[in-house]
Amino acid sequence: MPPAAKRVRALKRHLVAAMRDLREAKRPDRLVQPRTSALEGFAAEVVRAGCALCQGACCRGGGTHAYLDERTMARVRAERPEADARAILRLYTEAVAPLGFVDSCLFHGPAGCTLPQPLRSELCNRYYCNGLHDFLKEKDEPETVCIVARRGAAIGGRVVLSRLPAG
Ligand code: SF4
Ligand code: SF4
């Protein structure tokens, strides 16, 4: 369903508070964390497909804050020195999932996270659940991956991905 206006207002309040914390920090430069690089190629495809199939079980805790804090704001502002506070608020509100899940993160859409990776918290950028973590730590990337999403005891969906050309 479309996001409730009061949830979007709560996100804005949260971002304003995070930017205020950044302004008040004694050494704001020390808050800038290096951004985890986005995955590429087949690994990125598998993670995207897995999160879409699972429908973001781990994102439910994101609520209206999406784990964004003054450290995220420090990094976002350092990467966009020309953007003022209003422009940054707009970047986030425009990325809210147009259709989402009640009580989950505002950026949690049916096909996964709608917040571009450079705007996400480092927690979100670094986190992989056990299933994805096991796949990513494989030394040799498998040629075919079968992803199974569970909904409680039931199987909620299954998808097979192959990095080999079909045929
Ligand atoms: S990281 Fe794992 S639990 Fe979280 S959305 Fe992706 S597949 Fe689901
Ligand atoms: S910002 Fe994206 S990855 Fe982070 S909790 Fe929200 S939907 Fe999940």
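Which residue in β4 is the bridge partner of Ile-147? The reply is in point 2, after the outline of the chain.

1. Overall layout. This is a predicted model. The protein chain holds 6 helices and 4 strands. Read from the N terminus, the elements follow the order α-α-α-α-β-β-α-α-β-β. The C-alpha trace spans about 55 × 35 × 25 Å along its principal axes.

2. The bridge partner of Ile-147 in β4 is Val-159. Strand β3 covers residues 144-151, and strand β4 covers residues 154-162. The two pair in the antiparallel sense, over 8 bridges. The hairpin has 2 residues between the strands. Gly-152 takes a positive phi there, near 65°.

3. Helix α1 against α4. Helix α1 runs through residues 5-24 and helix α4 through residues 85-95. Their axes come within 11 Å and cross at roughly 140°. That angle makes α1 oblique to α4. The crossing of α1 past α4 is right-handed. On the α1 side, the contact uses Val-8, Leu-11, Lys-12, Leu-15 and Met-19. On the α4 side, Ala-85, Leu-89, Tyr-92 and Thr-93 meet them. By class, this contact has 7 nonpolar residues, 1 polar and 1 charged.

4. Helix α1 against α3. Helix α3 is residues 70-79. It packs with α1 at an angle of about 80°, and the axes are 8 Å apart. So α1 is roughly perpendicular to α3. From α1 come Ala-18, Met-19, Asp-21 and Leu-22. From α3 come Glu-70, Met-73 and Ala-74. The contact of α1 with α3 divides into 5 nonpolar, no polar and 2 charged residues. Note Met-19 of α1: this residue meets α4, and Met-19 also meets α3.

5. Helix α2 against α6. How are α2 and α6 oriented to each other, roughly parallel or roughly antiparallel? The axes of α2 and helix α6 (residues 130-137) cross at roughly 170°. The two helices are therefore roughly antiparallel. Their axes come within 11 Å. Ala-43, Val-46, Val-47 and Gly-50 of α2 make the contact with Gly-131, Leu-132, Phe-135 and Leu-136 of α6. By class, the contact of α2 with α6 has 6 nonpolar residues, 2 polar and no charged ones.

6. Ligand 1. The residues surrounding ligand 1 are Gly-50, Cys-51, Cys-54, Gly-56, Ala-57, Cys-58, Cys-59, Tyr-128, Cys-129 and Leu-132. Helix α2, residues 41-54, gives the largest share of this shell, with 3 residues. The shell has 8 nonpolar, 2 polar and no charged residues. There is a link to point 5. Gly-50 and Leu-132 belong to the contact of α2 with α6, and Gly-50 and Leu-132 are also among the residues around ligand 1.

7. Ligand 2. Which residues lie around ligand 2? They are Gly-56, Cys-59, Gly-62, Ala-66, Cys-105, Phe-107, His-108, Cys-113, Leu-115, Arg-120 and Cys-124. By class, this shell has 7 nonpolar, 3 polar and 1 charged residues.

Key:
Residues numbered from 1 in each chain as written. Chains lettered and ligands numbered in written order. Predicted model: local features only at pLDDT ≥ 70, side-chain atom pairs only at ≥ 80, totals over all residues. Axes fitted to C-alpha atoms, helices over the stretch in contact; angles between N-to-C directions. Parallel < 35°, antiparallel > 145°, perpendicular 65-115°, else oblique. Left-handed = near helix turned anticlockwise from the far one by under 90°. Contact = placed C-beta atoms within 7 Å. Nonpolar A, V, L, I, M, F, W, Y, C, P; charged D, E, K, R; others polar. Near = placed C-beta within 6 Å. Pairing = 2+ DSSP bridges.
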